[in-house]
Amino acid sequence: MVKVLFVCMGNICRSPTAQGVFEALVEEAQLTSRIHIDSAGTHAYHVGEAPDARAMENARRRDVDL
């Protein structure tokens, strides 16, 4: 199992976006059983919050789930 962790300061826009895009690519390559993907922040500013609405809208327009 390969584990990939995307990290940014608040885990509210960049790292969840990277996670969502990479998950879509991994699924497309049929590697979901071999790669575990997550995201995290270095600061606890947004613990428990959903990703930024602008990030989610841009991802949604590209058929990427955050």
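Visitor: Is Q30 buried or exposed?

Guide: Burial is judged by relative accessible area with a 1.4 Å probe and protein chains only: under 20% is buried, over 50% is exposed, and partly exposed lies in between. Q30 is exposed, because its relative accessible area is 70%. This is a predicted model, in which local features need pLDDT of at least 70, side-chain atom pairs count only at pLDDT 80 or more, and totals for chains, interfaces and linings use all residues. Residues are numbered from 1 along each chain as its sequence is written, and side-chain values use heavy atoms, with hydrogens and water left out.

Visitor: Where does Q30 lie, and what is its phi?

Guide: Helices (H or I, at least four residues) and strands (E, at least two) are DSSP runs, numbered from the N terminus. Q30 sits in the loop between helix 1 and strand 2. Most residues other than glycine have a negative phi. For Q30, however, phi is positive, near 55°. N11, in the loop between strand 1 and helix 1, also has a positive phi near 55°. N11 is partly exposed, because its relative accessible area is 23%.

Visitor: Which elements does the protein contain, and how many?

Guide: The protein has two helices and two strands, and their order along the sequence is β-α-β-α.

Visitor: Which residues are in contact with I35, leaving aside its neighbours within four places in sequence?

Guide: Contact means heavy atoms within 4.5 Å. I35, a residue of strand 2, is in contact with M1, V2, V4, F22 and V26 once neighbours within four places in sequence are set aside. I35 counts as buried because its relative accessibility is 19%. From I35 to E23, twelve residues away in sequence, the C-alpha to C-alpha distance is 8.9 Å.

Visitor: What may be said of V7 in strand 1?

Guide: V7 belongs to strand 1, residues 2-8, and is partly exposed because its relative accessible area is 48%. Beyond neighbours within four places in sequence, V7 is in contact with S15, A40 and T42. Over the protein, 70% of contacts between residues at least 6 apart in sequence join residues at least 24 apart.

Visitor: How many residues line the largest pocket, and which lie nearest its centre?

Guide: On a 1 Å grid over the protein atoms alone, a pocket is an open set of points where a 1.4 Å probe fits, with protein on both sides within 12 Å along at least five of seven lines; lining residues have an atom within 4 Å of a point. Here the largest pocket has 17 lining residues, with N11, P16, Q19, S39 and P51 nearest its centre. Helix 1 (14-28) and strand 2 (35-41) are the elements that give two or more residues to this lining, and helix 1 provides the largest share, four residues. The space in the pocket is about 170 Å³, a volume being the space filled by probe spheres set on the points.

Visitor: Why does the radius of gyration agree with a compact globule?

Guide: The radius is taken over C-alpha atoms, and the globule rule is 2.2 Å times the number of residues to the power 0.38. The protein has 12 Å, which agrees because a compact globule of 66 residues would have a radius near 11 Å. The C-alpha atoms fill a box of roughly 35 × 25 × 15 Å along the principal axes, and buried residues make up 24% of the 66.
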